[in-house]
Amino acid sequence: MGSEPDMEASVETVWMLAVRDRRCRESFGALFDHFAPRLKGFIMRSGTTADQAEEIVQDVMLTVWRKASHFDPHRAQVSAWIYQIARNRHIDIKRKERRPVPEALKEEPNTEPDAGQILALEQETRVLKLAISRLGEDQRDLIEKAYLGELSHAEIQQQTGLPLGTVKSRIRLGLERLRHELRGLR
Amino acid sequence: MDWNGCGTNCGVCAKMTSIQHHIPDHLLLAYASGNLSHPLAAVVATHVSMCLECRAALEAHQMIGGELIEASPDVELSRDLKSSVLDLLDLPEAPVPEYSRSGIYPGPVMEALKGRQPSWKKLGAGVRQCILSHGAEGSVRLLQIPPGMAVPDHGHSGLELTLVLQGSFSDETGHFGVGDIEIADDDVEHTPIADPGAACICLAATEAPLRFNAFLPRLLQPIFRI
Ligand SMILES: [Zn+2]
């Protein structure tokens, strides 16, 4: 099933599709080598110990393998999907209960990848990468705190200067349009 | 950006145009990052299940989170971490049940109900409730309110989220139909009344501890305001 889309999807997306569609262990190994050290670094920014961070990394990477069928390249970059899995795992451990998650959108299981849609998502990612690289140190700290779950909703609300708002709005509109177009295609 | 729905009767577009009251961004980010109490998270997850607009906003936050991972410095892993993950790939995993929408109840509500239909308890004056969870973090419940009756007050301390699943209600701040979410905090004095028609069914969460008697005073006085 599902040949890799014939276009310039990111190498991570191509690995992930190989894992999803062909259960390719080599591609999984490549994903592990790419994401595991970064994810460990990201988690440790919140003061989590190296041991705990590795425990989460191990669970997250196993979930990437087991739940690969849930990965939808039209909807998320591999990194965004991994972020979501990592936050869920972190909270499940901390709160010892399953966090409520939205119902999955039902896509046709074997839809051929739509190169245009995936590329549009890659485009948004490039804009975002650039915006992140331009953040000052203070802004970068603040945004990391927020995305690591260290700010409460009230604290986030008070942070009127939270950066990346414009980029986020742009991505949201893009994702929403993509969703509608995908639904319209069926 | 302008487009007029996806041009098919896909249900999502129809719902999208009818939802007027969405989740504010600070709650979405707190949910995405995992810093929202369980009761509030249940309402956010349920609204996102019904609303493409907030789903896209949530996914945009997750994309930013993903790029922050990409931009994080590598930290060296224990030597055997990779091999121990690879060894685990073929182990069978314990199945986790997945719940999908049943009637008016989206997946996250069905999950809280463990797949069963709600068992309603009478609160008086035709109002019924079904508590889904309660604890130190607050509570989340289903409420069923007959037309013309007030939506019970949760006691007004901390944030309250009320999401309409069937029917509608109105208060000083506006009209709330299926999919609409009302956000109230200590500052807002409001009296939502169920509109005429089908009974209004809501998913309501509060960060305040459960106080049963806080419900009663307002409930015992039907309000004829419509
Ligand atoms: Zn919404």
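A residue counts as buried under 20% relative accessible area, as exposed over 50%, and as partly exposed in between. Keep that scale in mind for this predicted model. Take A:Arg23: its relative accessibility is 36%, so A:Arg23 counts as partly exposed.

Where does A:Arg23 sit? It lies in the loop between α1 (11–22) and α2 (25–44) of chain A. Its backbone deserves a look. Most residues other than glycine have a negative phi. A:Arg23 is not a glycine, yet its phi is positive, at about 50 degrees.

B:Lys114 has a positive phi of about 55 degrees, and it is not a glycine either. Look for B:Lys114 in the loop between α6 (107–112) and β1 (121–124) of chain B. Its relative accessibility is 56%, so B:Lys114 counts as exposed.

Now step back to the whole chains. Chain A has eight helices and zero strands. Read from the N terminus, its elements run α-α-α-α-α-α-α-α. Of its 186 residues, 53% are buried. Consider the contacts in chain A between residues at least 6 apart in sequence: 66% of them join residues at least 24 apart.

Take the contacts in chain B with a separation of 6 or more. Residues 24 or more positions apart account for 65% of these contacts.

Next, the metal site. Which residues hold the zinc ion? B:His22 (ND1), B:His47 (NE2), B:Cys51 (SG) and B:Cys54 (SG) coordinate it, at 2.1 to 2.3 Å. Along the chain, these donors follow the spacing H-x24-H-x3-C-x2-C. B:His22 is in the loop between α1 (12–18) and α2 (25–33) of chain B, and B:Cys51 is in the loop between α3 (38–50) and α4 (52–70), so this pair ties together parts 29 residues apart in sequence.

What is the geometry of the four donor atoms around the zinc ion? Four donors count as tetrahedral if all angles lie between 85 and 135 degrees. Here the angles are 99 to 122 degrees, so the arrangement is tetrahedral. The ideal angle for four tetrahedral donors is 109.5 degrees.

B:Cys51 has 1%, so B:Cys51 counts as buried.

Finally, see where helices of the two chains meet. Two packed helices are described by the angle between their axes and the distance between the axes. The axes of α4 (residues 78–95) of chain A and α4(B) come within 7 Å and cross at roughly 100 degrees. That angle makes α4(A) roughly perpendicular to α4(B).

Which residues of α4(A) take part in the meeting with α4(B)? They are A:Ser79, A:Ala80, A:Ile82, A:Tyr83 and A:Gln84. From α4(B) come B:His61, B:Gln62, B:Met63, B:Gly65, B:Gly66, B:Glu67, B:Ile69 and B:Glu70. The residues of this contact divide into five nonpolar, six polar and two charged.

Zoom in on B:Gln62, in helix α4 of chain B. Its relative accessibility is 9%, so B:Gln62 counts as buried. Set aside its neighbours within four places in sequence. B:Gln62 is then in contact with A:Ala80, A:Tyr83 and A:Gln84.

Definitions and conventions: Residues are numbered from 1 along each chain as its sequence is written. Chains are lettered from A and ligands numbered from 1 in the order in which they are written. This is a predicted model: local features need pLDDT of at least 70, side-chain atom pairs count only at pLDDT 80 or more; totals for chains, interfaces and linings use all residues. Side-chain values use heavy atoms; hydrogens and water are left out. Donors are N, O and S atoms within 2.8 Å of the metal (3.2 Å for Na, K and Ca); water is not among the atoms, so sites may look incomplete. Four donors count as tetrahedral if all angles lie between 85 and 135 degrees; four count as square planar and six as octahedral if opposite donors are over 155 degrees apart and all others between 65 and 115; anything else is irregular. Helices (H or I, at least four residues) and strands (E, at least two) are DSSP runs, numbered from the N terminus. Buried means under 20% relative accessible area, exposed over 50%, partly exposed in between (1.4 Å probe, protein chains only). Axes are lines fitted to C-alpha atoms, for helices over the stretch in contact, and angles run from 0 to 180 degrees between N-to-C directions. Angles under 35 degrees count as roughly parallel, over 145 as roughly antiparallel, 65 to 115 as roughly perpendicular and the rest as oblique. Contact means heavy atoms within 4.5 Å. Ala, Val, Leu, Ile, Met, Phe, Trp, Tyr, Cys and Pro count as nonpolar, Asp, Glu, Lys and Arg as charged, and the others, Gly among them, as polar.
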